[in-house]
Amino acid sequence: MSAATQDTAVRTGRVARTFIYLVLLLFALFYLLPFFVMLTNSLKPLSEITGGNMMSLPQVWTLDAWRSAWSTAQIGVEPTGLKPYFLNSLLMVVPAVAISTMLGALNGYVLTKWRFRGDTILFGLMLFACFIPFQIVLIPMARMLGLMGLAGSTPGLILVHVVYGIGFTTLYFRNYYASFPTELVKAAMIDGAGFFRIFWRIMLPVSGPIAVVSVIWQFTNIWNDFLFGASFADLDSMPMTVALNNLVNSSTGVKEYNVHFAGAILAALPTLFVYIVAGRYFVRGLMAGSVKG
Amino acid sequence: MGFLDISHVTKSYGKVQVLHEVDISVQEGEFLVLVGPSGCGKSTLLNMIAGLEAISSGDISIKGRVINGVHPSKRNIAMVFQSYALYPNMTVGQNMTFGLEMHGVPKAERERALADVGKLLQIDHLLDRKPGQLSGGQRQRVAMGRALVRNPDVFLFDEPLSNLDAKLRVDMRTEIKKLHHKLGTTIVYVTHDQIEAMTLSTRIAVMNKGYVQQLGTPKEIYDTPANLFVATFMGSPAMNILPATVVMQNGAAHAEITDSEGVVRRLRFSQGNMAEWAGKAILLGIRPEAITDPEGADRKSGNIQPFANRVTVTEPAGSDTFVTMTLSGKDVIARMRADASVAPGQIFDFAVNMEKAVAFDPVTEARIAG
Ligand SMILES: Nc1ncnc2c1ncn2[C@@H]1O[C@H](COP(=O)(O)OP(=O)(O)OP(=O)(O)O)[C@@H](O)[C@H]1O
Ligand SMILES: [Mg+2]
């Protein structure tokens with residue numbers, strides 16, 4: 001009797017699982033198909049695309065489109081390729097992510113472990129930042145950057161992204177630290193550690209998982225941002241996304257689809273890289289054993 | 001003037017006052033236990049000694065120095081937390097020497113202190129492990145070790161054993177007591193476990209609702225509780241409390257109660273001054289171990305009185321047998337030797353040790369001194 005029920009349980013499990021896998025496979029295909037098209041077409045000469053089938057594999061495999069997208073394609077008026085703008089993006093995104101994550105961690109630490117009158121109201125106000133649409137702040141922000149002498153520069157863009165990101169990073173770290181035992185902070189105080197020492201030596205070393213979340217979130221958002229880049233950057237600080245748009249729009253004569261595809265993939269690579277590398281550090285249980293267990 | 005002086009200390013959160021005029025003076029080398037039900041303010045008082053909570057009014061001083069407002073790290077205290085609060089990212093050794101490092105003690109000296117304490121607590125083989133790789137009892141030792149290496153004036157413990165299982169708790173209790181004997185340190189220890197309080201302390205402060213109900217040695221607290229709260233809180237099973245009337249018979253004061261059949265019975269008081277209460281209602285308090293079989297009665301007592309009564313339930317607990325009966329309409333528990341032959345439903349000849357009985361004023365609930 002019990003063996004029979006177990007048997008059916010296993011079989012229904014198998015049916016359900018097959019169904020789930022099929023659905024997942026379908027979704028994966030749905031998402032991977034455009035990528036497949038981009039990748040294959042970026043490896044074809046242009047004539048194969050204009051003259052033939054977008055879905056077919058290349059007859060002649062070539063990296064010319066990639067080379068062109070990277071270093072020789074026309075961006076606006078300059079034939080520089082995406083390379084300098086890729087660098088611009090890196091110079092913007094790395095400090096912006098680092099600063100906003102650090103500030104978020106510090107805010108979360110203060111809001112949970114050094115509570116003061118009105119701290120919840122302050123946190124509520126910071127959360128507001130997560131809901132303000134970009135478009136609303138464009139004009140005031142442009143004026144602010146102008147006043148500060150940061151208009152059209154990479155530091156200006158970094159400032160904008162840091163200010164915009166703090167709401168999110170604070171939210172992440174506050175919620176993470178809220179479950180961090182306050183007794184540890186008290187113990188460290190008795191041990192003689194000060195405000196920053198506790199932060200560096202006790203809080204940050206166990207913040208790995210949430211720091212990864214914050215970095216992935218911030219990196220993806222800042223790297224992919226188009227609006228701020230298009231609004232506040234000039235030619236020397238223009239990020240990758242804006243340059244990609246110019247590449248696609250400024251090609252005179254024939255549209256070089258293969259180059260566009262290669263450029264688009266180039267623009268997406270860093271976020272992909274961050275997901276693959278940082279995703280491995282999503283380790284749970286870093287906190288295990290600090291408190292009773 | 002004591003080693004640690006708590007004088008007129010109060011604590012309020014906004015309008016709510018959670019500690020009322022606490023006055024405790026602790027001598028050097030004393031083991032003071034703060035005991036009381038949940039929410040009575042024990043941890044609050046301890047945190048105020050540690051400097052983790054501000055003092056609303058009053059003074060706390062250590063070695064004659066008032067420490068109100070002094071930073072926790074400058075009070076020369078060490079604290080062991082209920083959750084152990086070990087830094088998860090550091091090894092056991094780093095955990096234990098973190099405080100010394102913060103106080104700028106040179107590395108060689110830190111290593112020496114660590115080795116000494118590690119050996120003392122038998123955790124020297126664990127020094128390179130992370131807290132996550134330790135058992136509950138080992139974490140407990142490390143937490144104590146972290147306090148010990150600093151060689152503080154006063155040790156503060158906040159329910160350090162409450163996360164351990166029953167057996168380990170008893171073992172660690174003994175160990176803490178041994179450690180105290182060996183090192184002679186001054187300890188303030190918070191618990192809500194009255195057995196821990198009785199076994200560990202040199203003095204106990206029983207607290208309730210933010211008031212210190214009684215401060216005294218374990219024996220004083222147990223034998224002459226200041227009031228009904230202390231009497232029923234300390235001791236397990238709790239002291240039996242029955243309504244009684246004081247009557248005079250042959251010139252001696254007696255407590256008049258009813259037995260299980262509703263028959264009026266009298267028990268002669270040992271206290272001389274109970275005559276003043278003649279004709280009045282009191283609450284009679286008798287500890288379970290003061291009601292026994294005649295053979296098990298305390299031979300040194302000068303006032304053992306026989307008392308036949310019907311047994312309701314018997315509960316053999318290995319070392320003792322607990323016997324329940326009805327007196328004055330209340331369930332009363334007697335603690336018998338394990339081999340006392342007593343069966344439910346039977347009329348049994350009990351022996352009541354009235355020398356150990358106490359009486360309470362039913363209105364103020366204070367003990368009637370005798
Ligand atoms: N931050 C606070 N604000 C308001 N009331 C508080 C605060 N902290 C503690 N209290 C109150 O103070 C009282 C004493 O708390 P405390 O933590 O000292 O109790 P305790 O005796 O240690 O209890 P337990 O055995 O449960 O640990 C409780 O009634 C509690 O509700
Ligand atoms: Mg407590």
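**A walk through the predicted model**

In this predicted model, a polar side-chain atom of Ser38(B) sits 2.5 Å from an oxygen atom of ligand 1. Such a polar contact is a pair of N or O atoms within 3.5 Å. Taken alone, ligand 1 exposes 640 Å², and the protein buries 56% of that; accessible areas come from the Shrake-Rupley method with a 1.4 Å probe, and for residues only the protein chains shown count as cover. An oxygen atom of ligand 1 also lies 2.8 Å from an N or O atom in the side chain of Lys42(B), and an oxygen atom of the ligand is 3.2 Å from a polar backbone atom of Cys40(B).

Before going on, a word on conventions. Residues are numbered from 1 along each chain as its sequence is written, while chains are lettered from A and ligands numbered from 1 in the order in which they are written. Local features need pLDDT of at least 70 and side-chain atom pairs count only at pLDDT 80 or more, whereas totals for chains, interfaces and linings use all residues; side-chain values use heavy atoms, with hydrogens and water left out.

Back at the ligand, its surroundings include Tyr13(B), Val18(B), Glu159(B) and His192(B); to be near, a residue needs a heavy atom within 4 Å. Helix H1 (residues 42–50) of chain B gives the largest share of this shell, 3 residues. Helices (H or I, at least four residues) and strands (E, at least two) are DSSP runs, numbered from the N terminus.

Now to the charged pairs. Side chains of opposite charge can pair when their charged atoms come close. The whole structure holds 20 salt bridges over all chains, each a side-chain nitrogen of Lys or Arg within 4 Å of a carboxyl oxygen of Asp or Glu. In one of them, Glu175(B) meets Arg141(B), with the closest N and O atoms 2.7 Å apart. Glu175(B) belongs to helix H5 (residues 166–183) of chain B and Arg141(B) to helix H4 (residues 136–148) of chain B, so the pair ties together parts 34 residues apart in sequence. Both Glu175(B) and Arg141(B) are buried, where buried means under 20% relative accessible area, exposed over 50%, and partly exposed in between (1.4 Å probe, protein chains only). Another salt bridge joins Glu53(B) and Lys11(B) at 3.7 Å, N to O. Here Lys11(B) is buried at 6%, but Glu53(B) is partly exposed at 21% relative accessibility.

Finally, chain A has 13 helices and 0 strands. Of its 293 residues, 41% are buried.

Definitions and conventions:
A polar contact is a pair of N or O atoms within 3.5 Å; within protein, one must be able to donate a hydrogen and the other to accept it, and residues adjacent in sequence count only if both atoms are side-chain atoms.
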